[in-house]
Amino acid sequence: MSAPLPPNSTIGILGGGQLGRMTALAAAALGYRCHIYAPEADSPGMQVSAAATVAAYDDAEALKRFAASVDVVTFEFENVPAACLDILAPLVPCRPGVQALRICQDRLLEKKFLAEAGVPVAPWRAVTSEAELEAAVAEIGLPAVLKTTRMGYDGRGQAVLRKPEDLAAAWARLDPKPLILEAFVPFAAEISAVAARAVDGSVAVYDAVENRHTHHILDYSFAPARLPQAAALAAKAGVASVAEKLDLVGVLAVEFFLLADGTLLGNEIAPRPHNSGHWTMDACAFSQFAQHARAVAGLPLGTPERHHDAVMKNLVGPEGMKRWPSVMEHPDVALHLYGKASAREGRKMGHVNRVLPLGSLATMSDEEICRGI
Ligand SMILES: Nc1ncnc2c1ncn2[C@@H]1O[C@H](COP(=O)(O)OP(=O)(O)O)[C@@H](O)[C@H]1O
Ligand SMILES: [Mg+2]
(Lines give C-alpha, C1' and ligand atoms only; values in the text may rest on other atoms or scores of the structure.)
(Ligands and ions follow the chains in the order given, each with its own letter.)
Protein backbone atom coordinates (compact mmCIF):
# COMPACT_ATOMS: atom_id res chain seq x y z
CA MET A 1 0.00 0.00 0.00
CA SER A 2 1.52 3.31 -0.97
CA ALA A 3 -1.48 5.53 -1.76
CA PRO A 4 -2.32 7.90 1.10
CA LEU A 5 -4.95 6.70 3.56
CA PRO A 6 -8.23 8.46 2.81
CA PRO A 7 -9.83 10.61 5.53
CA ASN A 8 -11.66 8.62 8.24
CA SER A 9 -9.22 5.73 7.94
CA THR A 10 -7.97 4.28 11.19
CA ILE A 11 -4.39 4.38 12.46
CA GLY A 12 -3.65 1.68 15.02
CA ILE A 13 -1.15 2.66 17.71
CA LEU A 14 0.62 0.12 19.91
CA GLY A 15 1.18 1.74 23.30
CA GLY A 16 -1.05 4.04 25.30
CA GLY A 17 1.34 6.70 26.61
CA GLN A 18 1.70 10.38 25.88
CA LEU A 19 3.49 9.86 22.58
CA GLY A 20 0.51 7.91 21.28
CA ARG A 21 -1.84 10.52 22.70
CA MET A 22 -0.12 13.38 20.89
CA THR A 23 0.11 11.33 17.70
CA ALA A 24 -3.61 10.59 17.95
CA LEU A 25 -4.42 14.29 18.41
CA ALA A 26 -2.35 15.17 15.34
CA ALA A 27 -3.93 12.34 13.35
CA ALA A 28 -7.40 13.56 14.32
CA ALA A 29 -6.56 16.97 12.87
CA LEU A 30 -5.88 15.21 9.56
CA GLY A 31 -9.27 13.50 9.69
CA TYR A 32 -8.06 10.08 10.85
CA ARG A 33 -9.31 7.95 13.71
CA CYS A 34 -6.92 6.22 16.06
CA HIS A 35 -7.25 2.87 17.77
CA ILE A 36 -4.93 2.43 20.75
CA TYR A 37 -3.75 -1.04 21.76
CA ALA A 38 -2.22 -1.17 25.24
CA PRO A 39 -2.28 -3.34 28.36
CA GLU A 40 -3.41 -0.48 30.64
CA ALA A 41 -7.00 0.85 30.65
CA ASP A 42 -7.65 4.62 30.56
CA SER A 43 -4.19 5.28 29.18
CA PRO A 44 -3.35 8.82 27.96
CA GLY A 45 -3.69 7.72 24.34
CA MET A 46 -7.06 6.04 24.84
CA GLN A 47 -8.57 9.21 26.32
CA VAL A 48 -8.31 11.00 22.98
CA SER A 49 -8.82 8.13 20.53
CA ALA A 50 -11.84 6.73 18.71
CA ALA A 51 -11.22 3.14 19.80
CA ALA A 52 -9.19 1.16 22.31
CA THR A 53 -8.16 -2.42 22.93
CA VAL A 54 -6.97 -3.25 26.43
CA ALA A 55 -4.95 -6.44 26.04
CA ALA A 56 -1.49 -7.86 26.56
CA TYR A 57 1.14 -7.52 23.84
CA ASP A 58 1.35 -11.32 23.59
CA ASP A 59 -2.41 -11.83 23.11
CA ALA A 60 -2.34 -13.11 19.51
CA GLU A 61 -6.14 -13.22 19.15
CA ALA A 62 -6.55 -9.63 20.34
CA LEU A 63 -3.73 -8.53 18.00
CA LYS A 64 -5.47 -10.18 15.03
CA ARG A 65 -8.77 -8.45 15.87
CA PHE A 66 -6.85 -5.18 16.18
CA ALA A 67 -5.21 -5.71 12.77
CA ALA A 68 -8.63 -6.30 11.21
CA SER A 69 -9.98 -3.03 12.62
CA VAL A 70 -7.22 -0.65 11.48
CA ASP A 71 -5.70 0.47 8.15
CA VAL A 72 -2.10 0.87 9.30
CA VAL A 73 -0.20 0.22 12.54
CA THR A 74 2.47 2.25 14.29
CA PHE A 75 3.97 2.09 17.78
CA GLU A 76 4.67 4.79 20.31
CA PHE A 77 7.37 3.11 22.38
CA GLU A 78 10.13 0.78 21.36
CA ASN A 79 9.65 -1.84 24.03
CA VAL A 80 6.64 -3.32 22.27
CA PRO A 81 7.73 -6.95 21.73
CA ALA A 82 8.94 -7.45 18.17
CA ALA A 83 6.81 -10.62 18.11
CA CYS A 84 3.77 -8.33 18.19
CA LEU A 85 4.73 -6.82 14.83
CA ASP A 86 5.53 -10.30 13.51
CA ILE A 87 1.86 -11.16 14.06
CA LEU A 88 0.53 -7.86 12.68
CA ALA A 89 2.81 -7.36 9.66
CA PRO A 90 1.26 -10.05 7.42
CA LEU A 91 -2.20 -8.57 8.11
CA VAL A 92 -1.71 -4.80 7.94
CA PRO A 93 1.09 -2.36 6.99
CA CYS A 94 3.33 -1.60 10.01
CA ARG A 95 5.16 1.71 9.99
CA PRO A 96 7.93 1.70 11.10
CA GLY A 97 8.54 -1.98 10.40
CA VAL A 98 9.76 -4.73 12.66
CA GLN A 99 13.39 -4.44 11.54
CA ALA A 100 13.68 -0.86 12.82
CA LEU A 101 12.00 -1.91 16.06
CA ARG A 102 14.37 -4.85 16.58
CA ILE A 103 17.49 -2.72 16.08
CA CYS A 104 16.35 0.08 18.35
CA GLN A 105 15.26 -2.13 21.22
CA ASP A 106 18.68 -3.75 21.52
CA ARG A 107 21.60 -1.47 22.46
CA LEU A 108 24.13 -3.87 20.87
CA LEU A 109 22.40 -3.85 17.47
CA GLU A 110 21.79 -0.13 17.84
CA LYS A 111 25.47 0.72 18.46
CA LYS A 112 26.57 -1.38 15.46
CA PHE A 113 23.88 0.19 13.33
CA LEU A 114 24.82 3.78 14.28
CA ALA A 115 28.42 3.16 13.27
CA GLU A 116 27.30 1.59 9.97
CA ALA A 117 25.09 4.61 9.32
CA GLY A 118 28.17 6.83 9.63
CA VAL A 119 27.49 8.06 13.17
CA PRO A 120 30.57 7.46 15.37
CA VAL A 121 29.93 5.99 18.83
CA ALA A 122 32.05 5.69 22.00
CA PRO A 123 33.94 2.38 22.50
CA TRP A 124 31.69 -0.43 23.76
CA ARG A 125 31.76 -4.17 24.46
CA ALA A 126 29.03 -6.79 24.76
CA VAL A 127 29.13 -8.41 28.20
CA THR A 128 27.54 -11.79 28.86
CA SER A 129 29.39 -12.86 32.04
CA GLU A 130 31.23 -11.34 34.98
CA ALA A 131 34.53 -12.52 33.48
CA GLU A 132 33.69 -10.71 30.24
CA LEU A 133 32.84 -7.60 32.24
CA GLU A 134 36.29 -7.64 33.83
CA ALA A 135 37.93 -8.12 30.45
CA ALA A 136 35.86 -5.31 28.94
CA VAL A 137 36.78 -2.94 31.78
CA ALA A 138 40.44 -3.82 31.30
CA GLU A 139 40.10 -2.76 27.64
CA ILE A 140 37.84 0.26 27.93
CA GLY A 141 38.97 1.58 31.32
CA LEU A 142 37.11 3.36 34.09
CA PRO A 143 34.89 5.25 34.48
CA ALA A 144 32.49 3.35 32.23
CA VAL A 145 28.74 2.88 31.97
CA LEU A 146 27.23 -0.60 32.22
CA LYS A 147 23.73 -0.92 30.74
CA THR A 148 21.13 -3.55 30.03
CA THR A 149 20.85 -4.02 26.28
CA ARG A 150 17.04 -4.03 26.46
CA MET A 151 14.17 -2.28 28.24
CA GLY A 152 16.14 0.68 29.60
CA TYR A 153 14.61 4.17 29.73
CA ASP A 154 15.07 7.39 31.71
CA GLY A 155 18.41 6.08 32.97
CA ARG A 156 16.91 2.84 34.33
CA GLY A 157 18.92 -0.29 33.74
CA GLN A 158 22.36 1.31 33.95
CA ALA A 159 25.20 1.88 36.39
CA VAL A 160 28.29 4.06 36.25
CA LEU A 161 31.41 2.08 37.17
CA ARG A 162 34.06 4.26 38.78
CA LYS A 163 36.33 1.80 40.60
CA PRO A 164 37.03 -1.94 40.27
CA GLU A 165 34.91 -2.67 43.37
CA ASP A 166 31.80 -1.39 41.54
CA LEU A 167 31.74 -4.22 39.01
CA ALA A 168 30.30 -7.10 41.03
CA ALA A 169 27.35 -5.17 42.47
CA ALA A 170 26.45 -3.64 39.10
CA TRP A 171 26.66 -7.05 37.39
CA ALA A 172 24.37 -8.55 40.07
CA ARG A 173 21.84 -5.71 39.95
CA LEU A 174 21.37 -5.11 36.22
CA ASP A 175 18.79 -7.28 34.56
CA PRO A 176 17.97 -8.63 32.00
CA LYS A 177 21.34 -9.85 30.72
CA PRO A 178 23.29 -9.54 28.44
CA LEU A 179 24.75 -6.13 29.23
CA ILE A 180 26.78 -3.59 27.31
CA LEU A 181 29.77 -1.71 28.67
CA GLU A 182 30.30 1.75 27.22
CA ALA A 183 33.21 4.11 27.75
CA PHE A 184 32.12 7.04 29.91
CA VAL A 185 31.78 10.04 27.61
CA PRO A 186 32.87 13.33 29.25
CA PHE A 187 30.35 15.25 27.17
CA ALA A 188 30.09 19.03 27.07
CA ALA A 189 26.39 18.76 26.13
CA GLU A 190 23.70 16.30 25.10
CA ILE A 191 22.15 16.94 21.70
CA SER A 192 19.37 15.26 19.77
CA ALA A 193 17.78 15.59 16.39
CA VAL A 194 14.45 14.36 15.04
CA ALA A 195 13.74 13.34 11.45
CA ALA A 196 10.59 12.22 9.68
CA ARG A 197 10.69 9.94 6.65
CA ALA A 198 7.76 9.41 4.30
CA VAL A 199 6.69 6.34 2.31
CA ASP A 200 8.32 7.85 -0.80
CA GLY A 201 11.66 8.13 1.04
CA SER A 202 11.65 11.91 1.45
CA VAL A 203 13.11 13.10 4.74
CA ALA A 204 12.41 16.19 6.85
CA VAL A 205 14.89 16.98 9.63
CA TYR A 206 14.27 19.40 12.48
CA ASP A 207 17.00 21.55 13.96
CA ALA A 208 19.11 19.80 16.59
CA VAL A 209 18.34 20.66 20.21
CA GLU A 210 20.28 20.66 23.45
CA ASN A 211 18.90 18.47 26.24
CA ARG A 212 19.40 18.87 29.99
CA HIS A 213 18.52 15.99 32.29
CA THR A 214 17.67 15.98 36.01
CA HIS A 215 17.79 12.63 37.83
CA HIS A 216 18.29 10.98 34.39
CA ILE A 217 14.96 12.33 33.14
CA LEU A 218 14.84 14.91 30.36
CA ASP A 219 14.17 18.25 32.00
CA TYR A 220 14.72 20.92 29.31
CA SER A 221 15.27 20.98 25.54
CA PHE A 222 16.64 24.17 24.02
CA ALA A 223 15.67 24.60 20.37
CA PRO A 224 17.86 25.21 18.50
CA ALA A 225 20.96 23.86 20.24
CA ARG A 226 23.62 26.54 20.51
CA LEU A 227 26.23 24.58 18.63
CA PRO A 228 29.11 25.10 16.23
CA GLN A 229 27.59 25.01 12.74
CA ALA A 230 29.54 21.86 11.79
CA ALA A 231 28.18 19.90 14.77
CA ALA A 232 24.60 21.07 14.10
CA LEU A 233 24.89 19.90 10.49
CA ALA A 234 26.49 16.60 11.54
CA ALA A 235 23.58 15.90 13.90
CA LYS A 236 21.04 16.56 11.15
CA ALA A 237 22.97 14.51 8.61
CA GLY A 238 23.34 11.68 11.15
CA VAL A 239 19.65 11.41 11.92
CA ALA A 240 18.74 11.57 8.22
CA SER A 241 21.23 8.81 7.43
CA VAL A 242 19.86 6.61 10.23
CA ALA A 243 16.29 7.12 8.98
CA GLU A 244 17.30 6.13 5.45
CA LYS A 245 19.38 3.15 6.45
CA LEU A 246 16.57 1.87 8.70
CA ASP A 247 14.17 2.35 5.76
CA LEU A 248 12.01 4.02 8.36
CA VAL A 249 8.52 5.32 7.68
CA GLY A 250 7.60 7.64 10.53
CA VAL A 251 9.59 9.76 12.95
CA LEU A 252 12.80 8.98 14.76
CA ALA A 253 15.24 10.69 17.07
CA VAL A 254 18.96 10.19 17.57
CA GLU A 255 20.60 11.23 20.85
CA PHE A 256 24.20 12.43 20.66
CA PHE A 257 26.96 13.46 23.02
CA LEU A 258 28.80 16.65 22.05
CA LEU A 259 32.44 16.68 23.13
CA ALA A 260 34.35 19.82 24.05
CA ASP A 261 36.24 19.70 20.73
CA GLY A 262 32.97 19.73 18.75
CA THR A 263 32.93 15.97 17.97
CA LEU A 264 29.51 14.28 18.05
CA LEU A 265 29.09 10.68 19.23
CA GLY A 266 25.82 8.81 18.74
CA ASN A 267 24.16 7.41 21.86
CA GLU A 268 20.67 6.08 21.17
CA ILE A 269 18.06 5.82 18.43
CA ALA A 270 14.35 6.11 19.22
CA PRO A 271 12.23 4.96 16.24
CA ARG A 272 9.25 7.13 17.25
CA PRO A 273 8.40 10.70 18.24
CA HIS A 274 10.74 11.73 21.05
CA ASN A 275 10.47 13.84 24.19
CA SER A 276 13.19 16.12 22.84
CA GLY A 277 10.96 16.87 19.84
CA HIS A 278 7.98 18.17 21.82
CA TRP A 279 9.07 21.78 21.18
CA THR A 280 8.00 21.31 17.54
CA MET A 281 4.36 21.39 18.66
CA ASP A 282 4.51 25.15 19.17
CA ALA A 283 7.60 26.31 17.27
CA CYS A 284 7.02 24.67 13.87
CA ALA A 285 4.10 24.60 11.46
CA PHE A 286 4.33 20.79 11.43
CA SER A 287 5.03 19.11 14.77
CA GLN A 288 6.85 15.79 15.04
CA PHE A 289 3.45 14.21 15.75
CA ALA A 290 1.89 15.73 12.64
CA GLN A 291 4.85 14.42 10.62
CA HIS A 292 4.52 10.99 12.20
CA ALA A 293 0.81 10.80 11.41
CA ARG A 294 1.46 12.02 7.85
CA ALA A 295 4.27 9.55 7.25
CA VAL A 296 2.34 6.61 8.68
CA ALA A 297 -0.73 7.56 6.63
CA GLY A 298 1.35 7.76 3.44
CA LEU A 299 0.91 11.52 3.08
CA PRO A 300 3.70 13.88 2.03
CA LEU A 301 5.62 15.50 4.90
CA GLY A 302 5.32 19.12 5.94
CA THR A 303 8.25 21.47 6.29
CA PRO A 304 10.39 20.98 9.41
CA GLU A 305 11.15 24.70 9.44
CA ARG A 306 11.15 26.43 12.83
CA HIS A 307 9.14 29.67 13.06
CA HIS A 308 10.18 30.39 16.65
CA ASP A 309 12.98 29.48 19.00
CA ALA A 310 11.69 27.47 21.93
CA VAL A 311 12.48 25.87 25.24
CA MET A 312 10.58 22.79 26.38
CA LYS A 313 10.30 21.88 30.04
CA ASN A 314 8.93 18.56 31.21
CA LEU A 315 6.44 18.55 34.08
CA VAL A 316 7.60 15.53 36.09
CA GLY A 317 5.85 14.03 39.12
CA PRO A 318 4.24 16.06 41.92
CA GLU A 319 6.92 18.76 41.60
CA GLY A 320 6.08 19.29 37.95
CA MET A 321 2.34 19.46 38.59
CA LYS A 322 2.90 22.15 41.24
CA ARG A 323 4.03 24.43 38.41
CA TRP A 324 0.49 24.33 37.12
CA PRO A 325 -1.20 26.83 37.01
CA SER A 326 1.64 29.34 37.44
CA VAL A 327 3.06 28.37 34.03
CA MET A 328 -0.35 29.31 32.59
CA GLU A 329 0.25 32.96 33.47
CA HIS A 330 2.79 33.42 30.69
CA PRO A 331 1.32 34.28 27.28
CA ASP A 332 4.38 32.77 25.57
CA VAL A 333 4.10 29.37 27.28
CA ALA A 334 1.94 26.56 25.86
CA LEU A 335 0.81 23.74 28.15
CA HIS A 336 0.47 20.09 27.15
CA LEU A 337 -0.82 17.71 29.84
CA TYR A 338 -1.11 13.97 29.31
CA GLY A 339 -4.24 13.16 31.35
CA LYS A 340 -2.46 10.94 33.88
CA ALA A 341 -4.47 10.62 37.06
CA SER A 342 -1.69 10.23 39.62
CA ALA A 343 1.51 12.27 39.70
CA ARG A 344 3.96 9.65 40.91
CA GLU A 345 7.58 10.62 41.51
CA GLY A 346 9.49 10.59 38.22
CA ARG A 347 6.37 10.27 36.06
CA LYS A 348 6.12 12.54 33.01
CA MET A 349 2.80 14.35 33.50
CA GLY A 350 3.08 16.93 30.74
CA HIS A 351 5.35 19.57 29.31
CA VAL A 352 5.37 23.27 28.50
CA ASN A 353 6.87 25.03 25.51
CA ARG A 354 7.97 28.64 25.72
CA VAL A 355 8.16 30.20 22.28
CA LEU A 356 10.60 33.03 21.64
CA PRO A 357 11.35 35.11 18.55
CA LEU A 358 13.65 33.41 16.04
CA GLY A 359 17.28 33.92 16.91
CA SER A 360 16.69 34.97 20.51
CA LEU A 361 18.08 31.83 22.19
CA ALA A 362 21.58 32.75 21.04
CA THR A 363 21.37 36.11 22.80
CA MET A 364 19.68 35.14 26.08
CA SER A 365 20.97 33.47 29.25
CA ASP A 366 19.49 30.14 30.28
CA GLU A 367 18.01 31.88 33.30
CA GLU A 368 16.16 34.38 31.08
CA ILE A 369 15.00 31.67 28.70
CA CYS A 370 13.55 29.52 31.48
CA ARG A 371 12.21 32.21 33.82
CA GLY A 372 8.85 31.25 35.33
CA ILE A 373 8.54 27.77 33.83
N1 LIG B 1 28.50 6.33 27.87
C2 LIG B 1 28.00 7.36 28.59
N3 LIG B 1 28.82 8.34 29.08
C4 LIG B 1 28.34 9.35 29.82
N5 LIG B 1 27.04 9.50 30.14
C6 LIG B 1 26.16 8.58 29.68
C7 LIG B 1 26.60 7.47 28.88
N8 LIG B 1 25.52 6.74 28.56
C9 LIG B 1 24.46 7.35 29.13
N10 LIG B 1 24.82 8.46 29.81
C11 LIG B 1 23.92 9.38 30.52
O12 LIG B 1 22.74 8.68 30.92
C13 LIG B 1 21.60 9.17 30.21
C14 LIG B 1 20.67 8.03 29.86
O15 LIG B 1 21.34 7.07 29.05
P16 LIG B 1 20.73 6.51 27.69
O17 LIG B 1 21.73 5.59 27.10
O18 LIG B 1 20.29 7.65 26.85
O19 LIG B 1 19.53 5.64 28.20
P20 LIG B 1 17.96 5.90 28.36
O21 LIG B 1 17.66 7.28 27.81
O22 LIG B 1 17.36 4.83 27.53
O23 LIG B 1 17.71 5.74 29.80
C24 LIG B 1 22.17 9.88 29.01
O25 LIG B 1 21.25 10.86 28.54
C26 LIG B 1 23.45 10.48 29.59
O27 LIG B 1 23.17 11.62 30.37
MG1 LIG C 1 18.45 8.27 26.21
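R226 counts as partly exposed at 32% relative accessibility, a label for values between buried (under 20% relative accessible area) and exposed (over 50%), using a 1.4 Å probe and protein chains only. This is a predicted model, where local features need pLDDT of at least 70, side-chain atom pairs count only at pLDDT 80 or more, and totals for chains, interfaces and linings use all residues. Residues are numbered from 1 along each chain as its sequence is written, and side-chain values use heavy atoms, leaving out hydrogens and water.

So who does R226 pair up with? Its salt-bridge partner is D366; the term asks for a side-chain nitrogen of Lys or Arg within 4 Å of a carboxyl oxygen of Asp or Glu. R226 sits in the loop between β12 and α8 (229-245) while D366 belongs to helix α12 (residues 366-370), so the bridge ties together parts 140 residues apart in sequence. Helices here are DSSP runs (H or I, at least four residues), as are strands (E, at least two), numbered from the N terminus. D366 is partly exposed too, at 29% relative accessibility.

By this rule the count comes to 21 salt bridges. Three of them look like this:

| Pair | Closest N to O |
|---|---|
| R226 and D366 | 3.1 Å |
| D106 and R150 | 3.9 Å |

K64 and E61 share helix α2 (residues 60-69), 3 residues apart, or about one turn of the helix. K64 is partly exposed at 42%, and E61 likewise at 48%.

As for D106, it is buried, with a relative accessible area of 13%, whereas R150 is partly exposed at 34%.

Key: Chains are lettered from A and ligands numbered from 1 in the order in which they are written.
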